[in-house]
Structure formats: structure tokens, C-alpha cells
Protein chains: 2
Amino acid sequence: MTTAQTQLRQRLAELTDLRHAGQLLEWDQQTMMPPRGSGVRAEALATLERMNHELFIAPETGRMLDEAQRELNGTDPDSDEARLISVVRRRYEKASRIPASLASDMARASSVGHEAWVKARAASDFQAFVPYLERNFELARRYVEYLPEFDSPYDALLDDYEPGMRSAEVTRIFTELKNELKPMIAAIASVDQPDDTFMHGRVEIDRQRRLVAEVLRRMGFNNSSWRLDEAAHPFATSFGRNDVRLTTRWDEHNFISAVHTAMHECGHGLYEAGIAESLQRTPLGHAESLGLHESQSRTWENFVGRSRPFCRMLAPLIRELAGVEVEPDPLFAAVNRVTPSFIRVEADEATYGLHVVLRYELERDLIEGRLEVRDLEHAWNAKFEEYLGLEVPDAAHGVLQDVHWAGGSIGYFCTYALGNLIAGQLWERAGQDLPALDEQIEGGELAPLREWLRENVHRHGAKFSMAETLQRVVGGPIVVGPFVSYLKSKLSEVYGPGVLD
Amino acid sequence: MTTAQTQLRQRLAELTDLRHAGQLLEWDQQTMMPPRGSGVRAEALATLERMNHELFIAPETGRMLDEAQRELNGTDPDSDEARLISVVRRRYEKASRIPASLASDMARASSVGHEAWVKARAASDFQAFVPYLERNFELARRYVEYLPEFDSPYDALLDDYEPGMRSAEVTRIFTELKNELKPMIAAIASVDQPDDTFMHGRVEIDRQRRLVAEVLRRMGFNNSSWRLDEAAHPFATSFGRNDVRLTTRWDEHNFISAVHTAMHECGHGLYEAGIAESLQRTPLGHAESLGLHESQSRTWENFVGRSRPFCRMLAPLIRELAGVEVEPDPLFAAVNRVTPSFIRVEADEATYGLHVVLRYELERDLIEGRLEVRDLEHAWNAKFEEYLGLEVPDAAHGVLQDVHWAGGSIGYFCTYALGNLIAGQLWERAGQDLPALDEQIEGGELAPLREWLRENVHRHGAKFSMAETLQRVVGGPIVVGPFVSYLKSKLSEVYGPGVLD
């Protein structure tokens, strides 16, 4: 490496260390911290964020980027060195327009908002949460004011979570997706549902833990480099490929949910654990596109976890470890039931898309001034009834269910549904490359799929955008087709041929 | 507050936030982190330490101190404002001589050394640990080279843990202490020991947890502001008064040790939890003198936890929660047995002092060039046999038992024995101020003692040095007498009158 590149690497390594500390403060807040620690924690997070931001946008960082770029000198533009510079430059040019004080205010409001949300959700009291949410939207609006080159405020925010993606494209994709999902859900509403009562018997948490541990072990979880903890809103985070932290929640009357949630978070974890050693302690060493990230969690939770071959593997484990008698076919049918319900993270694969579209539309209205925060609960409930046909009973089952807005993550939700679509495209391609995939899954042999994903997606970390990754792996842009075909095909197995025609 | 004071406060608050992040990285490393996370964790710690150090020693901090000091203008020198400036100035003048790169190297070596120690201790292999320990001593020697105003290298290090204390005084005190302890231990060696077999029956960890939780609750632990976790080497840390973290370890065959260890760490925690609200998020908001800190842990572990009144309270709890049949008087006798043993943290109150004196003498020899690290195991074993009459069976029961040197804490050990002496002096004074103390403890009413300690010690945080605190509370310097009187009086109860005369 040249001197300039070494200097740049050193600066970026320090920034990665600061990120590491900030992420640990957040992980701890959601898993370990005693509740009254929240005040000083918010301050610590704000200080770390401000220091991170100031160090990143320092003119020196710009000079280091310029010099390192000059020294690239015809290096392959897809090499680690060249991509590091281009990715960091893009982020630098966006971040350097944001004052450090605003970055710090946003970090503090995120932490404070999270604590307020925990309380408001417990009390199912949206009005108590309104001032915190207003603060987060106000800060987001101040943020986008510094980024006038985007066509809309929403685009400026979305670009942080899905670099290069614009809302015009999301809206087009989501319209197509809605048009596919609505008739599917309506058709299923008129037929008999598979029985799933066995899923809701009481299973002690300790037995669930053993079942989940076994499933995660087969996916690649090991105690040398991974942890699993409990959190109100499950998430995954990592401090490099050798320290991956998953969280889940436990419900004595829903042991299957524990399995699927853990598989989901482990899918995120495998992405982080699969990033190349050469990218560690650089900004490319953490995945950037949330759509790609979600494609990994949904691949494992749904494409694998709710597949018939996996159910054949899982049923005996359920009998042995959870003590619940169930055969593979009824398990497969039960875990693929499509029924409108209130909670996004518990939604089936068909209604899930509508949960996301609803949030996407509402947060765009909020940030672009067509909806006031104080009117959000009403708007949520109205749209929910329109899309899912259910009357929301209270805020905890409606507008207060998700952590994202509380933590200031606005423009994030749409990446969940994009993740499903991307997963559909990657799954189609993986099936072509791994002709024995079904047999492998049924045999509990999950390594071939994991290694295929590592080779094609994980190892690159943040080197390539979501669009670039899809271009490289499937040879085209994000589209709705493969996901819808996958879903229709599976639901036809569950509900019988003809129902979805 | 004046402008200069506000600016200084802001800078110090940010430094406290960085300390918060660094302490969390360390807490997590010892309680939660998967083992393979240690590499990047060491780097993150080093970066945080360097940033903290650079921000602290920046010339701007010096100017802020100067300006804030000018504006004090006759403020009471014992006020929060004046003490903040004098304490910070003392630290600033010492720290500003140390290059940030050295501070960062020491933080990294501390984290790396900790991981190496965990492995070496597990394998009981001192030679594997030698290079790491040599590195820590080499860095410590480089550190003291920047501080030539101290009479000896050891003094420069000791001053970080016990500001103002010098080894000449420690040596004088320790000589007196050794001369008191050796004949006590010898006298007891020739008489019958109380029976303690009941302490070593198997008690399930869950039952131990319930017993410990009840004892801690009575001391002031609550789930809103405290946590208790497991660590190989128990410690306490805090992120302000509302987030106090204790750690302990569990042994199925030593439930009493769990109680005493937890009380010890809770004593540390009560100190941090008792610091005044006005000092939070300032450098005075964490206790500084390790001798004072240890006096608090030893007060609760020994002066309270091994007292006859406390045993009267504890025996019924042991019967109820741990399911072990024991009466108060045999409990009192058993927990006060004096017998030479290998492990410092399990040592009784009499032999404990010799464990510490041994470490103090060895680390002085090491840092001052009279002993090589590679010869340390031999030197340890020889001195151990001389002081405690036992042949050390392996490194895990000898030189590798403690975490301190592995983490670069050199000059720290003596504060443990100083803590016992300070506790003796405070205890004598507390007994005068709280004439019903014995009855209160027996009745499980621990708040009066806790509030006395808070009023006299805790609330001041780092405002006063150990010597100043003793002067304020007992009216004199640190002395050996009260501790020895307390110990002789208690051991005469255990072993009968006449044995210690």
C-alpha cells in the first residue's frame, strides 16, 4: 500500500473503532442496561456520534481521500482499494454537509426516543410518544435541508439506508407488489386454513432455547464468535466478523416464532460474519445496503425456514427438543398460513409486504409535510383497515409496534420489502447453482447455501451497492417477479392448486 | 456558572462520555464478548484511550482550566467548582506529559494482555504469559520515564491509583502490618479450627442467586439501576450513579463465597451509586482513590458480612433460600476462620494482608529492575512459602491468579491492604456515630450504615483524596491500629480469649 493509502486506512480504522464503541453502547442499551442508565447513555451516544462525525468530515479526511485516489493509478475499480475510496468518498461528500452538532442531536434524540418508545409502547399510549416522534421528524427535516440535491426529502433519507435507491423506483415497485399481493390475500381469505394449534401450546423457554441453539448451530452460529440475547425488538449487530450479536424474544406460547426470529437475525449475522478478512476494520467491513441485509435474514427465515425440506428437518428436532408432536407436512402448512394480523414482525410472507407499504407511505407523508405526527395514529389505523381489513385495537398493536421511528430511522422501512424481492431473485439464482439445495436443506446440510451466499454477497461487505450486487449475481435490477412466483408456488402447495389462479 | 466554567464542564462531560464508552468496552469484554472478538476490541479500546488522552491533554483544556480558575475568585476551595478544577489540573499536569501513542499502546496491551492471561491461567502456564507481562512492564517503564519528578518509578505508578500516596509510607505501614499479622496467624495455626464443612456442600447456582439477590437487595441493589453478571475475575464498574454493574462468580461448592463476593462488589457499587447528582458527568463523578474504594468493598464484605450480627440475619436466609441448615454462631465462626491459602480473593482477613504485601514487594522489584519477569514465578513461589508457609502447586494458584498485571495495572495491589486499614478507621468512627449499628445489622436494617458512608465518603466522589477524606472523617492519617484492634477482637471471639494475647 502507498503512504496515502496507509494513512487513509488508519483514519478509517479509527472511525470503525468509534463506530464499534457506539454500536456497543446501543447493543447494551437494548439488551443489558438498567433502565435508569438511559440519561447518561444518551449523552455518551451523542458525544461518540459527534466525534465520529467530526473526525470523518475533517478536511484532513478529504485530503487523505484525494491523495489515496491519485495513487490508485489504474488499479482495478472493483478492487478493495478502489472501492474503499469510492464508497468512502460518497459518504464523505454527503456527511460533510451535516453539522456535527446536528449529528450529535440526532444520536441523542434517537437514544432518548428509544426509551420513550419503550414506555409508551408498554402503556400503549401514542400521545405520550408524540413529542419524541415530532422531535425525530423535525431533526430529519433539518438533516435533509442540507441535502437539496435530492429530488425529495424522503430520497435523501432513503439514500442513507439504501444508497442509490430513489422513492420513484420504490413507489413503482411497491405498486406492482401491492397489485400482486392483494388478490392473493383475498383469494386465501375465502378458503379453509391449515391447523396451527400445535404451535401455540406452552413450551418452556429453556426447551425453546435448546431448539433454537440447535437450529442456529446448523446455520453456523458458534460460541467463539457469536452471542444470542433477549431484546424487546430483536436485532443483530456485529463488531467485525468474529463478534456477532443476535437478539430474540421468547414467548411460551409461540415456540415457532422463536425459531423463525432467531433464523432471521442469524441471517443478518451470517452476512456480517461472512465479510472478507481484508475488509475488517474498514468501512467496507460492515454491510451497507439494508435491502441486501434484509434479503439475507428473509432468505433464512422464510425461503429456508418455511420451506418443506426444512420443515422435514425441523419436525423431528421439535419433537426431540421442544417435546411437541408434529409431522413435517402439517408443520409446513402451519408456518405458511396467510392471515392478516397486526404485528409486522409476526406477519406471514404475503401480508408482510402490505405492512411495509403502509409504513413507507405514512413516513413519506410525514417527512414531506402531508401528515402531522399528532394525526399519525388515526392515519395508521385508517390505512391498516384499508390494506389489511382489520381494526387496530390499540397503539401497541398499531403505530407503536416498531422501534424504527423512535430511534430516528426514517426512510428505513421500505428496505424490508425490497429485501424480500432481492431474496426472491437470489434464491432463484442459488437454486440454479445448487441443484441439490432441497436435499441438502432436508439433510440439515446448510453450509452449501451459506457458502454460496458468502461467495456471492457476504464477502464483499459494502463494496457493491444493492443494484451492483444484483447485476453481478442475477444480471439485472431489482424486480418483483421472482418473489411473487416463489410465493405463489409455495402458497399453492399450502392452499391447493387453483386457489391462486 | 461563568462562561469559562461552562466550557470546561462541557469538555469534561465529553471526556466522561468517552470514559463511559471505554468502560463499557471493558465490561463487555469481561462479561459478554465472544472470545474471538478480542482482536478488534483491543484496537477499539486503544483508539478510545488515545482520543480520550488527546482531548484531555489538548492545550485548549489547559486554557479552559486557567480561565475557569481565574473566574473562581475566592470561591470556597472545597466547593464542587474549585475542587473540580484542582483535581482536573493535577491529572492534566500528569497526563499532558504522556504521549497519546503511549496511552493508546498501553490500552491495547491491556486488552491483549487480558486475553492472554485468560488462556494462560486456564492452562496454568506462566511461560506462555511472560511476553505479554514483559510488554506491560516495558510500557509502564516508558510511562514513568515521562514522570521524573517522582522519587521512584513505583511512586509514579502508585500515584495513579492512590493520588498523593508514596511507597515510603506504604512500606512503613506494611512493615507494621506484617509485624502484627504474622504472630496472629502463627498463634491461630496452633489451635483447633471451627468446623466449616456445611459451607462446602453442593448448593445449586439458582438457589445461590436467590440468596445473593436478597442480600444485595437489603444493601440497596435494585433492578432499575444495577446489574449483576458473571466474570472470571469479579469487579464492579459504573456509568454514573444510575447504572452500576457488579460481577461475581459462582461455585456450586462454595455458596458463602458467592455471598461475600457479591457484598464486596456491591460495596464498590454503593460508592459509585452514592456520588452526588451534582458531580455526575464530571471527573469527580467517579471515585478516584482505590484505597477508599476498597475500604467500601471490604467494609461490606468483612466488617458487615463477617460480623456476628450479620450472621444472625444471614443464617435464616441461608436456611430458607439455600436450603443449608446452619445456626448464626457456627456461621460466624466458620466465615472467620484464619488459614493460609493460595488465592488472594478467597483469603481470610488476616492472611489477606500478606497476600497483598507479597504482590507489592514483587511489583516494586519488577518495575525498579531488581527482578526479571521471566523469574517472577520462582520469586512468587519462594516468597509465598516464606510468608504463608505453603508450597504453590501451580501458576494458576500462584502468580497467574490475578488479572491486574495482565491488564497493565501495576502499582495497584497495595491499595487493597490500604483499603482494609481505611475500613478499620471508618468503622471505628461509624460505630461512634451509630450506637445501634449492631442491632440494625442484625435486624437487616442496612440503610443507616449505607447513609453514613454516603454522607461521609460516597457523595464526594473524587473531590477529596484518601488522606483528605480520612482527615475529614476520623481526624488523622491512615494508620494500622484500628484495623488490627478490630481483627484481634473478632478473632478472639472465634478462637477464644487468650489465643491472641
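**Terms and their grounds**

Guide: Arg227(B) stands opposite Arg245(B) in S3(B). Keep in mind that this is a predicted model.

Visitor: How do you know that S1(B) and strand S3 of chain B pair?

Guide: Pairing requires at least two bridges between two strands. S1(B) and S3 (residues 244-248) are joined by 5 bridges, so they count as paired by that cut-off. The two run parallel.

Visitor: What makes strands S1 and S2 of chain B edge strands?

Guide: The open sheet of chain B has 3 strands in the order S1-S3-S2, with mixed pairing. S1 (226-230) and S2 (236-238) each have a single partner strand, so each has one side without a neighbour in the sheet. On average, neighbouring strands here are turned by 20° against each other, direction ignored.

Visitor: How is the packing of H11(A) and H16(A) described?

Guide: Two packed helices are described by an angle and a distance between their axes. For H11 (residues 290-304) and H16 (residues 414-433) of chain A, the angle is about 65° and the axes are 7 Å apart. Their crossing is right-handed. The residues of this contact divide into 9 nonpolar, 9 polar and 2 charged.

Visitor: Why is the relation of chain B to chain A called a two-fold axis?

Guide: A rotation of 180° with 0.0 Å of shift along its axis superposes chain B on chain A, with an RMSD of 0.0 Å. That is the relation of a two-fold axis. In chain B, the C-alpha nearest the axis belongs to Ala21(B), 3.1 Å from it.

Visitor: What makes the surface the same in both copies?

Guide: Of the contact residues of chain B, 100% recur in chain A.

Technical notes
Residues are numbered from 1 along each chain as its sequence is written. Chains are lettered from A and ligands numbered from 1 in the order in which they are written. This is a predicted model: local features need pLDDT of at least 70, side-chain atom pairs count only at pLDDT 80 or more; totals for chains, interfaces and linings use all residues. Side-chain values use heavy atoms; hydrogens and water are left out. Helices (H or I, at least four residues) and strands (E, at least two) are DSSP runs, numbered from the N terminus. Axes are lines fitted to C-alpha atoms, for helices over the stretch in contact, and angles run from 0 to 180 degrees between N-to-C directions. A crossing is left-handed if the near helix is turned anticlockwise from the far one by less than a right angle, and right-handed if clockwise. Ala, Val, Leu, Ile, Met, Phe, Trp, Tyr, Cys and Pro count as nonpolar, Asp, Glu, Lys and Arg as charged, and the others, Gly among them, as polar. Copies are superposed by least squares on the C-alpha atoms of residues with pLDDT of at least 70 in both. Contact means heavy atoms within 4.5 Å.
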